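Dear colleague,

Please find below the structure that I am handing over to you. My notes on the ligand follow it.

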Amino acid sequence: METYDALLASVAPATGQGRTILDPATGEPVGEAPVHTVEDLEQAIAAAEAAQPAWAALGHDARSAALLKAADAVERSAEELAQLLSREQGKPLNGPNARFEVGACAAWLRAAAGTPLDPDTVVDDGETRAELHYRPIGVVGAIGPWNWPMMITVWQIAPALRMGNAVVVKPSEYTPLSVLALAKVLNEELPDGLLTVVSGGRDVGEALAGHPGIGKVMFTGSTATGKAIIKSSADTVKRLTLELGGNDAGIVLPDADPKAIAEGLFWGAFINTGQTCAALKRLYVHTDIYDAVCEELTRVAAAMPMGNGLDENNVLGPLQNRQQFDVVARLVEAARESGARILLGGNPAPDQPGHFYPATLVADIGNDNPLVCEEQFGPALPIIRYGTVDEAVIMANALDVGLGASVWSSDAAGARKVAACLEAGTVWINKHGAVDPRIPFGGAKQSGYGLEFGVDGLKALGVPQVING
Ligand code: NAD
């Protein structure tokens, strides 16, 4: 793929037949996305069923080789992909944003290709020999959100392809162009029909989740949609991996150094302008260092430039859509009305074309405030004061979601003890939200079930089969 325009044109429908996607920074059109229907879904599933047996028959080594070539193809088109992602999603090119996301796509493809998965010999005692193998599932459905549209698609499809499956992807209706363009690039190295993107609405997602031709759904999105998918998948007893909403707590212990942790806290909360499943969304700070942490965090946050993602200087961008902007604005207003103290931000410019909400820090806020209890999914962090660590742990565990959490301290051993008390799929120490293709990732409680990444992530895209003889 040679230019940004060529890449965009390669996924656009005939003029007048698509849906216009607007740039969240400017309100200007980015391009037209095809509007696929349930009939298109049927065709994609039929093509996937036709392509899958030959792909499965290639074996792990040949499939891994194809994924490595697909990673190279992503790198060849990296700048065009990052530009499109920035315009459609809003995230800046720089910082942990668009270029970083495209880089992660290549990294996760290579990791899926390079992770060994040999059959386990479970018992071999002279009388019984039992081996555990993983067979392909068949056709996998991948349904994704709008916040990290390319990276999350790769998280879903790379292990699925590696394990010998075909994949039908249903991207978010907010960010279809990014996913269509990514698939276009990947398909330079994959057989026809193996990977198809069906760019439709909720009706297409629902039909995918209930379709008898789909053996497993990989879903990343809200907890409410995850529950709907559990229901639509029930009749066909589909396997599911559900990565759902989070409201991650961070606990700053009294021995932490406010200056040393301020930047890590900031990026833990504000990565992708807060639109990240496992971002730090509630910060609990011990009363002894509360004022110092507020001050350092305000200093770091105030220095971070926000604006159009194509401007190389910016590291924070707009919210992706007006609905999400409204959620953040409503929650900050609820906090303000309750008497909480706005340390920074909280006043978006009126009548702007883009969905920019400034980086906002809210102090002296009650633990039952909506900004604390509801997932804000945007650039507004509540900072709650606590007196004892037991009290902080109780508040952190009080919600019915548990994706990630973090503990911040100068004493790693002490922090690990607190980490073990937290009800979350991952607990980070002195960082928040770092993901790694070698390390399993998944939610506790209503943040979902199933693991992605590493060898556990590969196993989740296969059907376990015991050979006993
Ligand atoms: P969403 O649930 O609204 O939409 C996600 C996808 O589901 C979209 O493609 C949508 O079209 C599709 N969909 C909607 N209704 C459906 C149905 N009934 N059946 C099948 N598919 C359906 O989520 P969103 O607003 O795009 O994303 C934000 C949410 O995702 C946040 O809650 C965030 O925490 C969560 N998220 C979680 C992770 C994670 O790894 N746990 C990662 C990113 C985002």
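In this predicted model, a backbone N or O atom of Gly-144 lies 2.8 Å from an oxygen atom of the ligand. A polar backbone atom of Gly-221 is 3.2 Å from an oxygen atom of the ligand, and an N or O atom in the side chain of Arg-202 is 3.2 Å from a ligand nitrogen atom. Polar contacts here are pairs of N or O atoms within 3.5 Å. Taken alone, the ligand exposes 860 Å², of which the protein buries 93% (Shrake-Rupley method, 1.4 Å probe).

The shell around the ligand holds 29 residues, and those that come nearest are Lys-170, Glu-173, Ser-222, Thr-225 and Glu-375 (a residue is near if one of its heavy atoms lies within 4 Å). By class, 13 are nonpolar, ten polar and six charged, with Gly counted as polar and Asp, Glu, Lys and Arg as charged. Domain 1 (4-244 + 447-468) and domain 2 (248-429) each give at least three residues to this shell; the bounds come from an automatic or database domain assignment.

Residues are numbered from 1 along each chain as its sequence is written. Local features need pLDDT of at least 70, side-chain atom pairs count only at pLDDT 80 or more, and totals for chains, interfaces and linings use all residues, while side-chain values use heavy atoms, without hydrogens and water.

Terms used
Polar contact = N/O pair within 3.5 Å; in protein donor to acceptor, adjacent residues only side chain to side chain.
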